[in-house]
Protein chains: 6
Amino acid sequence: MMLRIDRLPVELPASPKEDPVAAKNVQELLGGRFGEMSTLMNYTYQSFGMRSREKIRPYYALIANIAAEEFGHIEIVSASINSCLNGPRTDFDDSGTMEEGVWKDLPSGVFGGHYIASGQSALPVDSRGMPWTGDYVFSSGNLILDLLHNFFLENGARTQKLRVYQMTDNPAARTMLGYLFVRGGVHALAYARALETLTGVKMSQMLPIPKIGNATCPEARKFMEAGLHLKLYRLSPNDYHEAGPIWSGEAPKEYTEGYSDGAQLEFVDAPPSGGDLAHLAGIASSFAPEYAPEEIMEIANKLYKKAKDL
Amino acid sequence: MMLRIDRLPVELPASPKEDPVAAKNVQELLGGRFGEMSTLMNYTYQSFGMRSREKIRPYYALIANIAAEEFGHIEIVSASINSCLNGPRTDFDDSGTMEEGVWKDLPSGVFGGHYIASGQSALPVDSRGMPWTGDYVFSSGNLILDLLHNFFLENGARTQKLRVYQMTDNPAARTMLGYLFVRGGVHALAYARALETLTGVKMSQMLPIPKIGNATCPEARKFMEAGLHLKLYRLSPNDYHEAGPIWSGEAPKEYTEGYSDGAQLEFVDAPPSGGDLAHLAGIASSFAPEYAPEEIMEIANKLYKKAKDL
Amino acid sequence: MMLRIDRLPVELPASPKEDPVAAKNVQELLGGRFGEMSTLMNYTYQSFGMRSREKIRPYYALIANIAAEEFGHIEIVSASINSCLNGPRTDFDDSGTMEEGVWKDLPSGVFGGHYIASGQSALPVDSRGMPWTGDYVFSSGNLILDLLHNFFLENGARTQKLRVYQMTDNPAARTMLGYLFVRGGVHALAYARALETLTGVKMSQMLPIPKIGNATCPEARKFMEAGLHLKLYRLSPNDYHEAGPIWSGEAPKEYTEGYSDGAQLEFVDAPPSGGDLAHLAGIASSFAPEYAPEEIMEIANKLYKKAKDL
Amino acid sequence: MMLRIDRLPVELPASPKEDPVAAKNVQELLGGRFGEMSTLMNYTYQSFGMRSREKIRPYYALIANIAAEEFGHIEIVSASINSCLNGPRTDFDDSGTMEEGVWKDLPSGVFGGHYIASGQSALPVDSRGMPWTGDYVFSSGNLILDLLHNFFLENGARTQKLRVYQMTDNPAARTMLGYLFVRGGVHALAYARALETLTGVKMSQMLPIPKIGNATCPEARKFMEAGLHLKLYRLSPNDYHEAGPIWSGEAPKEYTEGYSDGAQLEFVDAPPSGGDLAHLAGIASSFAPEYAPEEIMEIANKLYKKAKDL
Amino acid sequence: MMLRIDRLPVELPASPKEDPVAAKNVQELLGGRFGEMSTLMNYTYQSFGMRSREKIRPYYALIANIAAEEFGHIEIVSASINSCLNGPRTDFDDSGTMEEGVWKDLPSGVFGGHYIASGQSALPVDSRGMPWTGDYVFSSGNLILDLLHNFFLENGARTQKLRVYQMTDNPAARTMLGYLFVRGGVHALAYARALETLTGVKMSQMLPIPKIGNATCPEARKFMEAGLHLKLYRLSPNDYHEAGPIWSGEAPKEYTEGYSDGAQLEFVDAPPSGGDLAHLAGIASSFAPEYAPEEIMEIANKLYKKAKDL
Amino acid sequence: MMLRIDRLPVELPASPKEDPVAAKNVQELLGGRFGEMSTLMNYTYQSFGMRSREKIRPYYALIANIAAEEFGHIEIVSASINSCLNGPRTDFDDSGTMEEGVWKDLPSGVFGGHYIASGQSALPVDSRGMPWTGDYVFSSGNLILDLLHNFFLENGARTQKLRVYQMTDNPAARTMLGYLFVRGGVHALAYARALETLTGVKMSQMLPIPKIGNATCPEARKFMEAGLHLKLYRLSPNDYHEAGPIWSGEAPKEYTEGYSDGAQLEFVDAPPSGGDLAHLAGIASSFAPEYAPEEIMEIANKLYKKAKDL
């Protein structure tokens, strides 16, 4: 089961402009083969199907717990896309009439689904607009093979994120990327260490892939400075403690990149404090939440007040 | 963000036999167009992208909170599939040598992926073996249209579940189905009431679809008796209270089917107590978690003990 | 069986320019999940498979007859795309040599298939270029569920059309859209009324979805003025009369939007008079119908004359 | 536009048993790459997009008119599948309770979608259960290439039908096949003749492909005896006369196989008289049209009577 | 089995600029339904599965041998795409820092996968970015039908190539196209002749499709002048001699287009001499082969030297 | 470019019976995500797109050369499927008339495409019948990431093969599997060594995955005894020598499993001697190569004789 917290893992700045091209490219990191839908669902299904779970509990706990963090990652990548599609709007936007056709000068290469299907919000598709598919899930049941897969997946995801970073300077996208370079790095190292305990092969020495540190990106640097690369969050009221011994000991030097060299890896007993969800203005042209939403907002308002009184 | 609880929404009985045919059919309810992956992801993406969220908060809270319950539903459908694939085994199963070919007499119509790809565990695919796809997500941003979609989706899902019920008498499958008839009924009614507040149209009078009560199935009856059809769980440490006024008032008579007629709908401030995860024996022929897993179990055991000492 | 009439439901103006961007966006309304291929095929397969058809004949007749109208809708959406791709050309276009590369400055975001695959004509794909798929067909056999689906489908289709309207001011596209706002409205109301007879739930009060009248669009207004929103065409030499009582009585006031308020819904005993098919000039660069088609045109001409003599 | 006739091209015998395996295999001929969805949609889109249509009218008329016949072919293949899924049932079937699970002993290799999704009726999918897709449509705009494609498509379709014929002896399937061997043969010859007029290449000499006559199948023989192989139906109230000169002259000897050798090809000015639609009994276990449909049948009955009085 | 030669069938000029739009369009000719992946795999699987191979050996040898040439064709189409993506770069390109975002001004309609997924190189996808699929393979086992398919496939491929030619004037693309017009012409004629021997139908008279000679393209002309249209290469150390009698005799006049009229078709006993592989510079922004590859180049260099000493 | 040798890498025994169930399962190893189409195409596209190829030549040569061997692997997996579908037949099989329906008692769970589409031969699809897709190709351009991918791919492929081994005791399948356990092991070790040279991480110590030796399978044992696990074949007339230093040195002890412990890895300068292609009888019911093929066999025979005289 899952409890949901109505916050993002980290707060994102608003996009300074409506930026559908960035939104389209970032979709790859949500619904592509190496997107966060894939990390979420790979680890989720591996945890569902793990055999002899009771006897290999540290590995189970590690995978199940990282799966939980990945839900926050589909949330933040979506928030980044939504911010790019919203731009700096804060109020209900009813500029333009139907007849004027507010979107008639959109660049022809944007993802049409953002306008036609989703009311300018993120969808579980990649940068082609092709849907995420369950065939991206690898869950073989063999522990070493699944961990090797996960190690590869995290590094493939990092590579693609580094490339998308170079395709946009939108701060809503880059802040999300900076955060995920660091958090994805934690997951890659966690799987490397799990493999090391099982095989003796020093997978962590292969990192980073590609051979370029997180600190190259200013947006990642501030999270390194805050020591986020050292923390694995335990995302459960009472469970998954057993992952602790895998995420422990001194962080490898190449990994810390001069930030807290020699520090200990830490299994933190709480979720990150996180940040507020981005504000998404209503838009008449998208009928989101309605063309002229006063009436439903009034209804909602009454219900809302009633809720507060409960 | 998400916190994960290492329990199922409800405990399932073990499948009395290895039952790959039931497992294949139940896959439709996990990865098909009307499977739980669809309910989970539809509501999740609708909640991510909702515009003017602050002003229509009760509807936001309702959708976001039901999304959280759906995670438990992919979990329990997967658990049911996994139980069918495991059968009554409790110990590591190393019967048969490679050469004997333990699977050479499988019925030819089972889903090969359960044996070749996943080590006898659930995958996010449908009963054809075709993957769940992000194109099943409908998130238009228009509040009424999204709610109408959700109402339709829940009823389509119910119809398919009633049909799968008739394709198997496996108790691991039927217990899951009985539970979901009741919980899916809660969601259908919740979306009906949300539409009623916004449009005045009495959608709840259309229920049940098809016109056959939950109580037709003994496995559902016990959950009706326990009053589960009256409860919407608030699945969050601190959020989503605002959904309360939508899920309130007297339950419609057709809905209660004689179980607690006239009772009030209740927004419960906690997750269900739930049940233990099913035990899944290791299987040598699947190399899950390994062909001869003693060594890795010993490593895990040491780590596990270390974890307990923390 | 089907008889085909070589006319469009309504005549479209020629596109004033070659407009591949509009053509691409309009493809969503042909081959997307909510495109006219979907309405055509959903109702067609529901009519093929309806059980106890003889006993629920009014509903059968309604669905089967609307299916017939949808063939005209894939025709007119295709005609609109073809007009955008053709532009104002009327004669065979052999400007430019192969070597010059007449298409080398196409905007990079157009749908390449329009140039590479189809000779500048419509294909059953969506705005991503992804094909329409039979998985978009919902035909459960349960009458209420199928009608609910159809009601949802029509409203989803309307929402997407309203959005595409705002993406283009091309008159070939907007005239088609204006016509389909009205005709789609007829179908939505027809399914609403069918549900009302069966369940007593006043589905028609939910219309329009989104809450914006057809009359917002000048292109729809002229069809409202002509009373097309009141007419359901019987598209059969001798069959489907039984749908009449469903499409009868006074039109709801919100539905008529001030056009013929209080008027009666009318089941018209004929197809619309319709309009001429659009002219599509031959194009050398597309080899459509040939690079230098004189020879085949001469052959065709002889056959044509022979035909007239028959 | 299209007018619909509520009859099948030819009447089919009822399947003597519930035969889901035949139903599954026949799906290939409906929704597969060479199924009737493909012939219908290929010719339909070619006719929509044909350039210089006025100048190559005989070819346009031929393709547009054959497209119209193909609608009857998706209808009859669907009817054949529906008959196999229905079996000899004639009354509403409410045998078995939910709890008994009437489908729990289905062969594991049937197409689950026939039971879970469609209420035991045909869907636009192939024998794998994979959906028909718009990517099966070839419409290049080049007349010779499109005709060559169509000639190939018809022969590919014939080959697959001959193979499915050998996979079943169900009369509902074989009667449909016998009919389509003859009608598909007409279309193959029509495209061959069209190519011959344009290129001088004697494509008709390549027929039949494979080299096995229709008369090998008793079910085809009776249609040969009735001379159906000589007739092309004009399926339009007023249009498509211009195709006549292509379908004229003496039928090739290999083609007639001794049935009416030396006879003239005939462009018939009417649709086939056709046959009654198959009766499909209601089924409680499928909730089609409902679990206990008395109430809706009564409503429908009243509407039906009202219709007769109109 | 296969032996690989590290050369292209013909040498390509470098693209004078980074040209991602040309690269995207050319992808259709690699991974589209009519791309070289399709010709390669169709003929390969037909050769794998041919029955009575020993008795119809000339046809087997023809198809198997043409399959071998198609490997060189996926190679050269890929090389053309890679050249467009590389542009005139010759040295390692480390211009721009991560932070600058070298790709932030890419046209929005390029194929994102070229930047995000593949490090600026070709992938087996079409111009939509959709993957080549095994469903494009037609291998019926019926010899005449397979040959007819192949004849159609080659002509469909030619049509699409002629269209892509008009979408770009990039010499890396056009040189490839000129070469393949000629080689594809050889294959089309070869299949035509095979069909002629079996059926007596003069398929070669239908060529070229579309009716525009290769010589229209200057890039093809030089290969016609060199007589490449007359040669079928035997691509095997010792096998496939038996195809010779099919590719023999005088070339048809329309086919030679005035180049070597009356010359004999020639089955050449060797592969083409071919050309050097294109040089692809390393790119820091793509991390291809690494962000700062000195270290791995040094390692490779040592290994390379060691290899030379062997 | 490629030269083709008309032999299999190793000879397969004939299947003792027609075994469509084995054929279906083995398809996973041909057209599934971890099938030989994937290994072939991954390495092929990586070699096509490698940047700075001249400077990292040993790695280029390794990947390009292994790609060449994979062609032989799609060949042998296909041959194994074809053998299962053929059974022990050696002569043209014309038993049974069309009317008898020779396939009407096929098990319902076989892959219908083997009978309907392909004339009882292999297709590039997986065990669901779903096509291999180009999205299975990973070619990032980053050398370490691509090698890591390839290492993972080979181990995933091995795991699935070990599982399919247990699903059949058909010698045509098991001999192929035994051969590929050994050859896939060579490739896994080759990629491990390549990674070791670049990163110092001892990847080869992770092998085998799963932890079960090849020698468990008698069919693999004989190839181990013949020392095939020590040999990498150079599959090129003149190229790819530079891969030698990667495949050199002493074979790891766990890898040799007691077969030639301490032996040196060997880069063999030739293809394997291989085995004869399997004989596939003609089948009337499949029209492969024809229903009654005498005529075309006679034509072929004449051409064949002519070829021998050349």
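This is a predicted model: local features need pLDDT of at least 70, side-chain atom pairs count only at pLDDT 80 or more; totals for chains, interfaces and linings use all residues.

Why is α1(C) largely enclosed by the rest of the structure? I found that eleven of its twelve residues are buried, so the rest of the structure largely encloses α1(C). Buried means under 20% relative accessible area, with a 1.4 Å probe and protein chains only. Among the buried residues I noted Pro20(C), Lys24(C), Glu28(C) and Gly31(C).

Residues are numbered from 1 along each chain as its sequence is written.

Next I checked the span of α1(C). This helix covers residues 20-31 of chain C and reaches 16 Å from its first C-alpha to its last, close to the 16 Å expected at 1.5 Å a residue. The expected span is 1.5 Å times one less than the number of residues. A helix here is a DSSP run of H or I, at least four residues.

Then I turned to α2 of chain B, residues 36-49. Its 14 residues reach 20 Å, close to the 20 Å expected. I saw that 14 of the 14 are buried, so α2(B) is largely enclosed by the rest of the structure. Tyr45(B) sits in this helix. Its relative accessible area is 0%. I also looked up Lys24(B), 21 residues from Tyr45(B) along the chain: their C-alpha atoms are separated by 28 Å.

Last, I looked at chain A. Glu295(A) lies in helix α9, residues 294-309.

Notes
Chains are lettered from A and ligands numbered from 1 in the order in which they are written. Side-chain values use heavy atoms; hydrogens and water are left out. Helices (H or I, at least four residues) and strands (E, at least two) are DSSP runs, numbered from the N terminus. Buried means under 20% relative accessible area, exposed over 50%, partly exposed in between (1.4 Å probe, protein chains only).
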